[in-house]
Amino acid sequence: MHMTQRDGALDLLKWLALLSMVLDHLRYVGYSVDILYVPGRLAFPWFCLAMAVNVSRGREVTHPWRYLGWLLLFSAISEIPYRMFIPDPNTLNVLPTLALGLLVARGWQQETLQSRLLAVGALTLAALFSERLMFGFFGVLLPLAMLLVIRRPWYFSLFPGLVCMAANQWHVLYASARFGSSAAILGIAACLIAPLLGLFLLRHAGRFKPPPMRRWAYALYPAHFLVLLALRQLLA
C-alpha cells in the first residue's frame with residue numbers, strides 16, 4: 001500500500017469517521033433512531049486506523065509527545081460537554097481510550113525502552129480501569145491491531161474486526177441479535193467489516209481531496225457535543 005505524506009484518502013477516512021460519530025450521537029438528540037447505531041460502529045475503528053497510519057509512518061519521531069499531548073488536552077476539554085450531552089455516562093469520553101491506544105501502538109512500533117515501558121503502563125491502566133474507558137480494554141488494543149494489518153492482505157482485517165467486536169460489548173450485541181434486533185445484527189457486521197472498509201478507502205480513494213483535517217479538528221469533538229445539545233434543547 002502506498003500512501004503519501006498528505007494523501008486525500010487518509011483525510012477522507014477521518015471525515016467519514018467524524019460523520020459516523022455524529023450520526024451515532026444523533027440517537028441522543030431526542031428521537032429513537034436505533035439504526036444510527038450501525039454507522040456509529042465505524043467511527044472508532046476508523047479513528048484507530050488513522051492513528052495506526054500515523055504511527056506506521058513514524059510521524060512521532062520528530063515530535064514524539066505532540067500527538068499524545070493533543071489527545072490528553074482535548075480529553076480534558078471534552079469531558080464536560082460529553083457529560084452534558086450523553087445521559088448518565090458510565091465511561092469517560094473516547095479520547096482517553098485513544099491516548100492509551102496510541103501508547104500501546106507506539107510501544108510496538110518503536111523499539112525503545114521508554115516506549116515499551118509506556119506501552120506496558122498503558123495496558124496496565126486499561127486493564128485496571130477497563131469499565132471506565134469507552135470501548136474498554138479491547139478498545140485500547142484496537143490501534144495496535146490496525147497497525148499489525150495495515151500493510152497486509154485484506155483478509156487479515158478480520159483480526160482487528162474481532163477486536164472491534166470485543167470492544168463493542170459483543171455479549172450484549174450477540175444477545176440482542178439472538179432476539180432478532182436488526183440494529184444489533186447490522187452492528188455486529190459493521191464491527192467486523194469496519195477495518196476492511198477503512199483499509200479499502202486508504203488504498204483506493206487517493207484521488208479524493210477533502211479539506212485536510214489538521215490539529216484544529218480536535219476541537220470538533222467537544223464542539224459537536226455542544227451543537228447536538230443545543231439541537232436537543234431546540235427540539236424539546
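With which side chain does the side chain of D24 make a polar contact at 2.8 Å? The partner is R41, where a polar contact is a pair of N or O atoms within 3.5 Å, one able to donate a hydrogen and the other to accept it within protein, with residues adjacent in sequence counting only if both atoms are side-chain atoms. The model is predicted, so local features need pLDDT of at least 70 and side-chain atom pairs pLDDT 80 or more, while totals for chains, interfaces and linings use all residues. Residues are numbered from 1 along each chain as its sequence is written, and side-chain values use heavy atoms, leaving out hydrogens and water.

D24 sits in helix α1 (residues 8–25), helices being DSSP runs of H or I with at least four residues, numbered from the N terminus. Its relative accessible area of 9% makes D24 buried (under 20%; exposed is over 50% and partly exposed in between, with a 1.4 Å probe and protein chains only). R41 is likewise buried, at 7%, whereas R27 is partly exposed at 23%.

The count of salt bridges is 3, each a side-chain nitrogen of Lys or Arg within 4 Å of a carboxyl oxygen of Asp or Glu. D24 pairs with R27 at 2.8 Å, N to O, and also with R41 at 2.8 Å, N to O. Because D24 lies in helix α1 and R41 in helix α2 (residues 37–56), the latter pair ties together parts 17 residues apart in sequence.

Elsewhere, R83 and E79 meet in a salt bridge at 2.6 Å, N to O. Both lie in helix α3 (residues 66–85), 4 residues apart, about one turn of the helix. R83 is partly exposed at 34%, while E79 is buried at 15%.

Conventions: Helix = DSSP H or I, 4+ residues; strand = E, 2+ residues; numbered from the N terminus.
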